[in-house]
Protein chains: 2
Amino acid sequence: MKFCSNCGAAVTFRTPPGDSLPRHVCEQCGTIHYQNPKIVVGALPVWEDRVLLCRRAIEPRYGMWTLPAGFMENEETTAQAAARETLEEACARIEVGELYTLIDVPHISQVHMVYRARLLDLGFKPGEESLEVALFREEDIPWEQIAFRSISMSLRHFFDDRRNGTWTLHTASLAPPPAEWR
Amino acid sequence: MKFCSNCGAAVTFRTPPGDSLPRHVCEQCGTIHYQNPKIVVGALPVWEDRVLLCRRAIEPRYGMWTLPAGFMENEETTAQAAARETLEEACARIEVGELYTLIDVPHISQVHMVYRARLLDLGFKPGEESLEVALFREEDIPWEQIAFRSISMSLRHFFDDRRNGTWTLHTASLAPPPAEWR
Ligand SMILES: [Zn+2]
Ligand SMILES: [Zn+2]
């Protein structure tokens, strides 16, 4: 951030009185521009013994597989975000169930949430951001080709919990990956 | 948002190609400025049979009681945010436990999360944003003077679950309050 989004003047980076962290401050109109973590919401859509995955048609991780997921929008709920992303990326209609994983990713200032979901019909197809959409049994999941750690973590919990018949919220915090992965 | 925070030019509000919602777009440098929901994280600090509340020294809801809570900062985890807010508002040290409530507040584009927590000692006192900090038994909670609905909801669940001995994540979505409350 270099300019004030309210008045267009250049901003400075300093700690406002009474605050504990430096912020982008506009010396002309006085606006303090806070920057906050973003929420990424996804769904884990299930059809019988299979899970719906999308192959990414966009960067990052072009060509890799993921659950339908994306940045939450203003004025929606987390569950609505899960349903919207699933419709956009897989043209798939779901019934959103329980919140299933909540994963902090502090080095990129994100919080990832995945909801369990029931796929309502088989009329899915790739949305604009997907190359392919398909249903996978546990033994067919392309584990080495999953785009994000929070997604593979959510999938592993799902198959474990299904095997054990015990469903619970899973929380975690991800450290930065080794430098060669970045 | 009126000006581009990257180059200072005036922004327009239009739907970018391939997008489904209007965004603030800079026609000069091409930056698309997304606006996303904010996360508010709080703690429910417990000492024996009592819960720690803070009386607000700031607007909104000056003078009303709340759990320690505030906007999550970049580069921290949700649990770290809960501990930081508790230290800032109540000068209180806690051990953060399980995520306890996750409440969507879509009409103000916020997601509220409250963690259960164990108060580590009795050396609390009001921080800069609090008039008073105190421990309350269930029968002494000033229910009519709780600042936010997500906070009173979290407190009610806590006392119910404690009575029943059953602890679980509670999720909810809040509709806008009646107009006279706004
Ligand atoms: Zn300004
Ligand atoms: Zn610009």
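1. Helix α2 of chain B covers residues 149-164 in this predicted model. The helix has 16 residues. From first C-alpha to last, α2(B) reaches 22 Å, close to the 22 Å expected at 1.5 Å a residue. Just after α2(B) comes B:Gly165, with a positive phi of about 70°.

2. Next, the metal site of chain B. Four SG atoms coordinate the zinc ion (ligand 2), from B:Cys4, B:Cys7, B:Cys26 and B:Cys29, at 2.2 to 2.3 Å. The site is tetrahedral, with angles of 99 to 118° among the four donor atoms. The donor spacing in sequence is C-x2-C-x18-C-x2-C.

3. Buried or exposed: how does B:Cys26 count? B:Cys26 has 1% relative accessibility, so it counts as buried, the cut-off being under 20%. B:Cys29 is partly exposed, at a relative accessible area of 33%.

4. Now chain A. The zinc ion (ligand 1) is held at 2.2 to 2.3 Å by SG atoms of A:Cys4, A:Cys7, A:Cys26 and A:Cys29. Angles among its four donor atoms run from 99 to 118°, and the site is tetrahedral. The donor residues follow C-x2-C-x18-C-x2-C. A:Cys7 lies in the segment before β1 (11-14) of chain A, and A:Cys26 in strand β2 (residues 23-26), so the pair ties together parts that are 19 residues apart in sequence. A:Cys26 is buried, with a relative accessible area of 1%.

Note on methods
Residues are numbered from 1 along each chain as its sequence is written. Chains are lettered from A and ligands numbered from 1 in the order in which they are written. This is a predicted model: local features need pLDDT of at least 70, side-chain atom pairs count only at pLDDT 80 or more; totals for chains, interfaces and linings use all residues. Side-chain values use heavy atoms; hydrogens and water are left out. Helices (H or I, at least four residues) and strands (E, at least two) are DSSP runs, numbered from the N terminus. The expected span of a helix is 1.5 Å times one less than its number of residues. Donors are N, O and S atoms within 2.8 Å of the metal (3.2 Å for Na, K and Ca); water is not among the atoms, so sites may look incomplete. Four donors count as tetrahedral if all angles lie between 85 and 135 degrees; four count as square planar and six as octahedral if opposite donors are over 155 degrees apart and all others between 65 and 115; anything else is irregular. Buried means under 20% relative accessible area, exposed over 50%, partly exposed in between (1.4 Å probe, protein chains only).
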